[in-house]
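Okay, thanks everyone, let's get going.

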Amino acid sequence: MPDKMTDLIEELALANRILAHEGVLDAFGHVSVRHPADPARYLLSRSRSPLLIEPDDILEFTLDSEPVRPPKVHLYAERVIHGCIYQVRPDVMAVVHHHAAAVMPFAIAGKPIVPVFHLGAAMGENTPFWDQFDEFGDTNLLVVKQEEGHSLARALGRHSAVLMNRHGATVVGGSLKELVSRAIFMCQNAEYQMRALALGTPALLHRGEIKLAGTLSLLPNVVTRTWEYWSMRLEAAGAMPPRRSAAKAARRPVPKTARVTPRERRKGRRR
């Protein structure tokens with residue numbers, strides 16, 4: 001289990017950076033994954049811009065979105081989004097909340113994002129809307145209270161994503177890699193849909209096409225292929241996160257016996 005846990009933590013740090021590099025996350029937004037051994041807990045980074053997330057930033061939370069260990073860092077204010085969804089969706093293994101530029105026009109206009117190309121089918125046939133104002137009146141639009149998180153989870157229902165009016169979107173997946181694929185393909189779909197609208201009325205996928213293409217885009221070999229592709233793009237940009245062991249080693253103090261004093265260095269030069 002320790003190795004599995006370490007691998008998942010590193011994968012979560014990488015997912016943060018991939019989603020940031022591909023334009024889903026910006027300075028804000030966050031992605032989580034359910035604990036590999038305890039479904040009543042999940043993993044989420046400390047409050048930090050996703051493109052900077054390292055394995056050592058990852059913390060463990062209960063489904064009430066309380067940190068398992070007293071934190072020494074700032075936490076995401078909207079972490080209840082993750083905990084509330086995990087509470088009611090045992091099939092969900094990963095969650096991302098974002099404000100991607102591709103989806104914001106739809107969230108602002110209240111217009112649905114619908115599959116218009118085959119990979120866009122990964123988002124499902126339709127995406128519901130959630131308007132925080134309807135239930136809670138004037139707020140700062142951040143989802144910070146348990147009742148707000150539960151309301152959002154109800155709006156998500158059994159869907160793969162929910163659009164949040166004037167705010168952004170929340171997407172879920174059966175695995176971290178599946179989530180990354182779905183979130184990126186949904187943004188691509190939104191961009192293509194917007195461009196097609198400029199030319200006229202887009203030709204939407206048929207219901208049967210959505211079902212078949214959606215299954216195809218989430219096959220293990222397809223998910224692995226896209227994960228490798230996005231990882232290589234991130235590596236080419238010089239933005240890969242450090243491995244957890246490397247990050248710890250970089251901060252590990254040098255034992256006193258291994259320290260070399262200036263006097264010892266001078267002696268060494270004379271030898």
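**Pockets, a helix and some rings**

So, the largest pocket holds about 320 Å³ of space. Before I go on: this is a predicted model, so local features need pLDDT of at least 70 and side-chain atom pairs count only at pLDDT 80 or more, while totals for chains, interfaces and linings use all residues. Residues are numbered from 1 along each chain as its sequence is written, and side-chain values use heavy atoms, with hydrogens and water left out.

By pocket I mean an open set of points on a 1 Å grid over the protein atoms alone, where a 1.4 Å probe fits, with protein on both sides within 12 Å along at least five of seven lines; lining residues have an atom within 4 Å of a point. Volume is the space filled by probe spheres set on those points, joined across faces, edges and corners.

Back to the largest pocket: 17 residues line it, and closest to its centre are Ile58, Leu59, Glu60, Arg69 and Arg244. Helix 1 (2-21), strand 3 (58-62) and helix 9 (244-251) each give two or more residues to that lining; these are DSSP runs numbered from the N terminus, helices being H or I with at least four residues and strands E with at least two. Strand 3 has the largest share, three residues.

The second largest pocket comes in at about 220 Å³. Which element gives the most to its lining? That's helix 1, with six residues. Among the lining residues are Asp7, Glu10, Trp227 and Arg243.

Next, helix 2, residues 80-88. Seven of its nine residues are buried, meaning under 20% relative accessible area with a 1.4 Å probe, protein chains only. Those buried residues pack against several elements, including strand 1 (30-34), strand 2 (41-45) and helix 5 (146-156).

One of the buried ones is Tyr86, and that brings us to the rings. There are four aromatic pairs in the structure; rings of Phe, Tyr and Trp (its six-membered ring) pair if their centres lie within 6.5 Å, with planes under 30 degrees apart called stacked, over 60 edge-to-face and the rest tilted. Tyr42 and Phe61 are stacked, 5.5 Å centre to centre with 20° between the planes. Tyr42 sits in strand 2 and Phe61 in strand 3, so this pair ties together parts 19 residues apart in sequence. Tyr42 and Tyr86 have centres 5.3 Å apart and planes at 40°, so that pair is tilted. It links strand 2 to helix 2, 44 residues apart. Put together, ring pairs join Tyr42, Phe61 and Tyr86 into a cluster.

Definitions and conventions:
Buried means under 20% relative accessible area, exposed over 50%, partly exposed in between (1.4 Å probe, protein chains only). Contact means heavy atoms within 4.5 Å.
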